[in-house]
Amino acid sequence: GGGFIMIKFKHLSKNKSNSTTIVLLVVIIVLLLMRFVFNKKVEILPKEPEVIIPAHVVALQKLEQIKVEKLWQSGKIKLFYTQLTDVIREYLASAYDINAMELTTDEIVALVKKNKDLEEIRTVLKEMLELSDLVKFAKFIPLENENEASVINAFMIVEKTKYKIQN
């Protein structure tokens, strides 16, 4: 089988335009085979290196945005606590590989207890998550200073743990 193709190719390569066409076709076929049959990504141009922003930087940026918005002052208390705890849950998931987005408050606290790097923030985290649960599920309305304290505590959780992350 392979010999026949080689003979044909040698025969056609006498004509320069035919050999250029064949080379182009072979290159296209190889690229298509790599892409679709072998499922390899064919990089024509080198890809820019992906910039990975550290989890604490992302969390602090999001917390700063929440702090500026002051949703609780416009009566959006439930949204405020949802956003606040989502940032902390995402941070724990990204920085400490704790699947916090899918876990209950008690499950998160139990996992945090097992991690010595998070020992310092355990109580504050538990209080913030429990207050958030009351707001989201029991329609509890915290005092103004409790809302401000929650923002401060969220910042503190990230600040006190950002350099303890094991890579």
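In which helix does K62 lie? K62 lies in helix α3, where helices are DSSP runs of H or I of at least four residues, numbered from the N terminus. The model is predicted, so that local features need pLDDT of at least 70 and side-chain atom pairs count only at pLDDT 80 or more, while totals for chains, interfaces and linings use all residues. Residues are numbered from 1 along each chain as its sequence is written, and side-chain values use heavy atoms, without hydrogens and water.

Two packed helices are described by the angle between their axes and the distance between the axes. Helix α3 (residues 55-69) and helix α4 (residues 77-96) pack at an angle of about 175°, with axes 9 Å apart; axes are lines fitted to C-alpha atoms over the stretch in contact, and angles run from 0 to 180 degrees between N-to-C directions. The two helices are therefore roughly antiparallel (angle over 145 degrees).

Beyond its neighbours within four places in sequence, K62 is in contact with V87 and E90. The C-alpha atoms of K62 and L84 are 8.6 Å apart, although the two residues are 22 apart in sequence. K62 counts as partly exposed because its relative accessibility is 35% (between 20% for buried and 50% for exposed, 1.4 Å probe, protein chains only).

The axes of α3 and helix α7 (residues 144-161) come within 10 Å and cross at roughly 170°, which makes α3 roughly antiparallel to α7. Here H56, A59, L60, L63, E64 and K67 of α3 meet V151, A154, F155, V158 and E159 of α7.

Definitions and conventions:
Angles under 35 degrees count as roughly parallel, over 145 as roughly antiparallel, 65 to 115 as roughly perpendicular and the rest as oblique. Contact means heavy atoms within 4.5 Å.
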